[in-house]
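Hello,

Here is the structure for you to look at. My notes on the aromatic rings follow below it.

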Amino acid sequence: MRECCVESVMSSSLPSLYRMPPDRGLMDKRSSGTKGNKKRLTYALTANADGSEKLPPFVIGKAARPRAFQKKTGAQLGFYYRNNAKAWMVSKIYQEWLRDWDEKLRQQDRHILLLQDNFSGHIKPDGLTNVHVENFKANLTAHVQPNDAGIIRCFKAHYRGKFISRAIDRYDNDVSPALIYEIDQLEAMRLADVAWREVDTTTIRNCWRKAGIIPDTLYKPSTTSTLSVPVSSLLNSEPLEGVDHAEKDISDSLNQLEERGVLQKRNRMDLEDLLNPASEEELVGEISDEEIFQSVVDMHEAEQMMEVNGGYDVDDDVVDEKPTRKEALAAAFTLRSYVADINEPFARKLEGILASFGRQTRLEEAQSLETTYITDYFSRK
């Protein structure tokens with residue numbers, strides 16, 4: 001019998017209100033009469049016990065191709081993205097994801113143990129060879145799920161911090177205070193992608209250890225280990241310091257909003273409400289088995305209607321007007337001029353990035369030009 005290495009991997013799904021402002025007053029105004037129209041994405045996060053590997057997030061939205069996707073698919077934009085009318089995990093797309101992963105593991109000659117939430121959409125497909133699936137027992141998830149031990153909180157804290165910092169940048173660039181929190185789905189997904197990358201190795205390890213479901217021997221250093229640990233992780237000595245650091249960034253950003261007079265202290269949301277809003281839990285409770293079934297039917301109908309709608313779904317996604325190539329190149333030139341006199345390593349690195357950006361942008365512009373002939377400018381009688 002061939003021996004194999006079994007890795008313990010956890011996965012869980014969470015709904016996220018990606019446009020939610022940190023302002024209670026603004027939340028009250030926007031939520032009034034729009035309960036059924038909350039903009040949300042569901043994220044399935046998966047990582048192994050020693051923190052050495054994280055899968056790209058499995059993202060679920062409502063539209064197959066939101067306007068922000070510019071008629072591209074999620075895969076073309078670099079995401080594992082699926083959709084249904086409720087933006088929620090259903091067995092059909094869960095099984096597709098798990099079969100894809102099982103095939104990749106088979107090619108790599110790897111076997112894993114997948115620990116996951118006991119959720120109705122997590123129905124294991126038949127025929128898996130390299131993934132052994134175990135669900136947490138009902139009512140135990142909050143106690144033994146490593147994601148619930150801090151990984152999800154850290155991910156959401158990084159996202160909220162970046163979202164608020166983005167709002168500050170928009171305000172400082174003369175965007176109306178009423179619009180600084182507007183964000184389209186693609187940009188929100190990109191912010192979340194960065195947030196997931198910043199959930200570091202040490203945070204993941206410590207959350208697994210806190211859950212108490214893996215022997216401590218797994219975490220002892222091995223002379224044969226090839227684990228690469230980020231330098232930032234080595235600085236984290238406290239059990240959940242990664243989470244604390246992310247939450248501090250949120251507090252600092254909220255303070256900056258207050259200093260600018262954009263956020264009134266009485267309307268400022270506290271961290272707990274910001275990271276775990278009650279409305280997210282309501283989303284889960286709102287979904288019945290009948291609604292899940294209907295969402296699959298709606299998904300197929302939406303796919304059939306995409307050509308009629310110009311290649312994207314009809315949705316209410318906000319898409320900011322993007323700068324032109326000329327404006328982007330001018331901004332890059334301004335930045336290069338600004339950092340030229342800064343004698344710091346980051347300035348030299350930024351110069352290189354901006355130079356590459358300029359070359360690539362000009363190349364794309366040249367490739368987009370169409371050949372014309374002088375006769376094109378004369379009308380034919």
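**Aromatic rings**

The charged end of Arg82 lies over the ring of Tyr80, at 4.5 Å from the ring centre. A charge sits over a ring if NZ of Lys or CZ of Arg is within 6 Å of the ring centre and within 35 degrees of the ring normal. Lys54 also has its charged end over a ring, that of Trp196, 5.0 Å from the centre.

This is a predicted model, in which local features need pLDDT of at least 70 and side-chain atom pairs count only at pLDDT 80 or more, while totals for chains, interfaces and linings use all residues. Residues are numbered from 1 along each chain as its sequence is written, and side-chain values use heavy atoms, without hydrogens and water.

Rings of Phe, Tyr and Trp (its six-membered ring) pair if their centres lie within 6.5 Å; planes under 30 degrees apart are stacked, over 60 edge-to-face, and the rest tilted. By this rule there are nine aromatic pairs. One of them is Phe155 with Trp196, edge-to-face, with 6.1 Å between centres and 85° between planes. Phe155 is in helix 4 (residues 147-172) and Trp196 in helix 5 (residues 185-197), so the pair ties together parts 41 residues apart in sequence. Helices are DSSP runs (H or I, at least four residues), numbered from the N terminus. Phe155 is buried at 3% relative accessibility, and Trp196 is buried with a relative accessible area of 3%; buried means under 20% (1.4 Å probe, protein chains only).

Tyr159 and Phe163 are stacked, because their ring centres are 6.1 Å apart and their planes at 15°. Both Tyr159 and Phe163 are buried.

Finally, ring pairs join Phe58, Tyr80, Tyr94, Trp97 and Trp101 into a cluster.

Regards

Definitions and conventions
Helix = DSSP H or I, 4+ residues; strand = E, 2+ residues; numbered from the N terminus. Buried < 20%, exposed > 50% of the residue type's maximum accessible area, 1.4 Å probe, protein only.
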